[in-house]
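Subject: Structure for your review

Dear colleague,

Please find below the structure that I am handing over to you.

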Amino acid sequence: MDALKARRPVPQSLNGLSGLHALRREPDQFAMVENFVRFAKDDDPAFLRHAFSRICGRDPTSAERLGMEFDLRRGVLKRRDVVKRIVAIARRDGKTAYWDTLLPEDDDDTHDLPDASNANITPSGLLVNPDGQAMLVLVRELENVGWMIAPDLLCQPLQINDGNWTVQSGWLLTGPKRSMTEGDWLLDLDIIQPQTARLDIEIVANSGLDFLQVMTLVGSFSGTVCVAIKREHRFIELRVRIHERSPEDRWLRPRNISMRRVS
């Protein structure tokens with residue numbers, strides 16, 4: 001019935017041809033989660049293109065595709081969560097979109113997790129995470145809120161385009177140039193960027209005289225590295241430097257850059 005109601009006139013150029021039916025059906029505004037989850041089970045890029053095409057009426061941007069594909073590959077997100085995110089993107093774009101599931105509510109395992117950034121601030125300005133670890137949050141993206149950036153962190157002028165930072169070659173972040181308790185610290189990184197884009201991560205002390213950790217990241221990265229801070233290491237500073245990029249690759253999405261003390 002929907003197809004009959006949506007019937008459109010036959011183009012004049014086709015009037016003389018027989019056997020043609022000018023019936024069309026408008027794209028669904030309803031995303032049935034199970035249908036999308038089962039599509040191309042072993043091909044996440046194809047799944048993303050299909051979901052964006054059906055729900056948003058367009059292909060995903062490079063940043064959207066890379067970020068979601070990266071999380072799917074690592075198992076951080078399930079396809080069910082991705083469908084809901086795409087519905088939210090469609091609504092942000094001004095389209096009417098809904099989602100639902102055929103499963104009973106008890107079987108729907110996509111419950112929202114508490115925000116991992118919830119913490120208490122100590123007088124020293126550090127955070128204490130739920131596990132009781134001292135923590136220094138430099139950059140963190142909070143869903144549906146924006147970015148939390150440490151106040152003593154210098155950075156390029158923040159320009160956000162399509163949910164990503166617009167970046168230029170050179171230093172992106174430097175700071176906080178503060179003394180920290182000696183011991184082993186973990187540097188947690190969760191960064192989305194184009195596949196061939198490079199950026200340098202450095203942790204230095206004593207105004208850059210001592211290098212505690214140096215690495216170059218190519219493409220998206222999520223992981224943890226250990227940094228040993230000794231008593232003689234003062235004015236700890238993290239530096240993020242952007243390499244030269246093509247115009248279409250001048251974006252970055254830092255979802256988490258933080259340090260936590262483990263011993």
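Predicted model: local features only at pLDDT ≥ 70, side-chain atom pairs only at ≥ 80, totals over all residues.

Residues are numbered from 1 along each chain as its sequence is written, and side-chain values use heavy atoms, with hydrogens and water left out.

The helix pair

Helices (H or I, at least four residues) and strands (E, at least two) are DSSP runs, numbered from the N terminus. Helix H3 covers residues 44-55 and spans 16 Å between its first and last C-alpha, close to the 16 Å expected at 1.5 Å a residue; the expected span is 1.5 Å times one less than the number of residues. Asp-43 caps the N-terminal end of H3, with a side-chain oxygen 3.2 Å from the backbone nitrogen of Ala-46. Just after H3, Gly-57 has a positive phi of about 75 degrees.

H3 packs against helix H5 (residues 79-92) at an angle of about 35 degrees, and their axes are 10 Å apart. Axes here are lines fitted to C-alpha atoms over the stretch in contact, and angles run from 0 to 180 degrees between N-to-C directions. In contact terms (heavy atoms within 4.5 Å), Asp-44, Phe-47, Leu-48, Ala-51, Phe-52 and Ile-55 of H3 meet residues of H5 including Arg-79, Val-82, Val-83 and Ile-86. The residues of this contact comprise 11 nonpolar, no polar and 2 charged; Ala, Val, Leu, Ile, Met, Phe, Trp, Tyr, Cys and Pro count as nonpolar, Asp, Glu, Lys and Arg as charged, and the others, Gly among them, as polar.

A buried strand residue

Met-215 is found in strand E13 (residues 210-218). Met-215 is buried, at 14% relative accessible area; buried means under 20%, exposed over 50%, and partly exposed in between, with a 1.4 Å probe and protein chains only. Leaving aside residues up to four places away in sequence, Met-215 touches Leu-187, Leu-189, Leu-199, Asp-200, Ile-201 and Val-225.

Backbone features

Gly-175 and Pro-176 are joined by a cis peptide bond, with omega about 5 degrees. Lys-177 has a positive phi near 55 degrees although it is not a glycine, and is exposed at 54%.

With kind regards

Notes. Polar contact = N/O pair within 3.5 Å; in protein donor to acceptor, adjacent residues only side chain to side chain.
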